[in-house]
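Please look at the sequence and the 3D structure below. A short briefing on the fold follows them.

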Amino acid sequence: MRLMSGSWGKTYASLISDFPKTYAALNIDKKFTDSLKEHKRVVENLKKADKLINGFAMARDSNKEPFLEPYTGAVAECVSSHKTFAGKLKSNFNKYRPKVKIQQKTFDSVYKSLTDDLQALVDQTESQVKGMAQEIKGQEAKAEKSAKGVLALQQKEDQHYKAFFKWMEAIEKKQDVKKWNSEFPKMMKPLNKCYGAMAVWVKGNKELKNKDFLKEYKVLKPRLGQFKLNENATAEDLGEKISFYHNPVINCSRELEKVDVKKKKSKSG
């Protein structure tokens with residue numbers, strides 16, 4: 001028998017209530033069947049665990065803390081109350097077992113089947129919480145890996161950012177239009193590769209949501225193919241073209257920093 005949360009309490013109660021009806025022909029001692037009624041606390045605890053565990057996904061997504069304690073506590077109550085009930089049931093089983101040997105064998109079998117099913121239900125609550133713990137552990141590992149990946153990407157971006165602005169300042173100082181046209185793709189490519197990778201990462205990872213970064217990258221991206229100047233372009237034309245890229249690159253870099261897990265010094269260009 002395998003049931004996920006949502007059915008434990010109901011199934012536990014059904015197993016208990018159906019037992020005397022199903023095996024009425026055995027003429028089971030009424031004192032034993034009456035003792036079955038003491039299961040109500042177990043059912044209440046299982047229903048509480050049902051309700052709580054069914055809300056796990058919502059709690060996980062909102063990162064409520066302390067995260068597993070409510071679930072482990074609820075399951076501990078189920079285990080404890082079932083253990084008490086099962087202990088009393090075993091005592092009554094020994095006390096009110098049929099005296100006729102031929103009936104004893106049948107009664108032993110159905111009793112074992114009942115108690116095995118009840119125990120299986122309680123074991124499932126523990127199994128469910130263990131699975132939840134594994135899920136949390138997996139998410140934490142994934143988040144840690146993401147954080148390291150983001151940090152590495154931003155460190156790489158920082159290097160390309162500095163190299164780009166150093167190159168751009170030299171171009172502006174020398175007013176070298178020809179060098180601007182020939183070297184811009186080479187200087188921008190690694191920087192744009194970082195921004196593109198971060199855009200994909202941010203879109204696909206809810207922990208890294210940063211709409212401002214995506215907004216700034218959306219401004220920069222279409223400009224990347226508009227860098228070329230005519231050979232007879234003036235210093236003023238070059239200055240305007242540099243300004244065309246100056247702020248969008250700074251804005252992308254600034255917003256990219258905000259996705260990072262580690263504070264870094266603000267950049268300027």
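Residues are numbered from 1 along each chain as its sequence is written, and side-chain values use heavy atoms, with hydrogens and water left out. The chain has nine helices and zero strands.

**Confidence**

- pLDDT is the predictor's confidence in each residue, from 0 to 100.
- The chain has a mean pLDDT of 86, and 88% of its residues reach 70 or more.
- Over residues 261–269 pLDDT stays under 50.
- Where pLDDT is low, the predicted coordinates should not be read in detail.

**The whole chain**

- Helices (H or I, at least four residues) and strands (E, at least two) are DSSP runs, numbered from the N terminus.
- From the N terminus on, the elements run α-α-α-α-α-α-α-α-α.
- Of the 269 residues, 39% count as buried. Buried means under 20% relative accessible area, exposed over 50%, and partly exposed in between (1.4 Å probe, protein chains only).
- A contact means heavy atoms within 4.5 Å. Of the contacts with a separation of 6 or more, 75% are between residues 24 or more positions apart.

**Helix 3 and helix 5**

- Helix 3 (residues 40–54) packs against helix 5 at an angle of about 160°, with the axes 9 Å apart. That makes helix 3 roughly antiparallel to helix 5.
- Axes are lines fitted to C-alpha atoms, for helices over the stretch in contact, and angles run from 0 to 180 degrees between N-to-C directions.
- Angles under 35 degrees count as roughly parallel, over 145 as roughly antiparallel, 65 to 115 as roughly perpendicular and the rest as oblique.
- Residues of helix 3 that meet helix 5 include R41, V42, L46 and I53. Their partners in helix 5 include Y71, C78, H82 and F85.

**Helix 8 and its cover**

- In helix 8 (residues 211–220), F213, E216, Y217 and L220 are buried. They cover an arc of only 100° around the axis, so they lie on the same side of helix 8. The arc is that of the directions from the helix axis to the C-beta atoms.
- An α-helix has 3.6 residues a turn, so residues three or four places apart point the same way.
- The face turned away from the buried side of helix 8 carries the exposed residues K211, K215 and K218.
- Helix 7 (177–204) and helix 9 are included in what covers the buried residues of helix 8.
- The axes of helix 8 and helix 9 come within 9 Å and cross at roughly 155°. Helix 8 is therefore roughly antiparallel to helix 9.

- Y12 sits in helix 1 (residues 8–22). Y12 is buried, with a relative accessible area of 0%.
- Beyond four places in sequence, Y12 touches residues including V42, L46, H82 and F85.
- Y12 and L121 are 109 residues apart along the chain, but their C-alpha atoms are separated by 7.2 Å.
- V79 is in helix 5 (residues 69–96). V79 is partly exposed, with a relative accessible area of 26%.
- Leaving aside neighbours within four places in sequence, V79 is in contact with V122 and E126.

Key:
This is a predicted model: local features need pLDDT of at least 70, side-chain atom pairs count only at pLDDT 80 or more; totals for chains, interfaces and linings use all residues.
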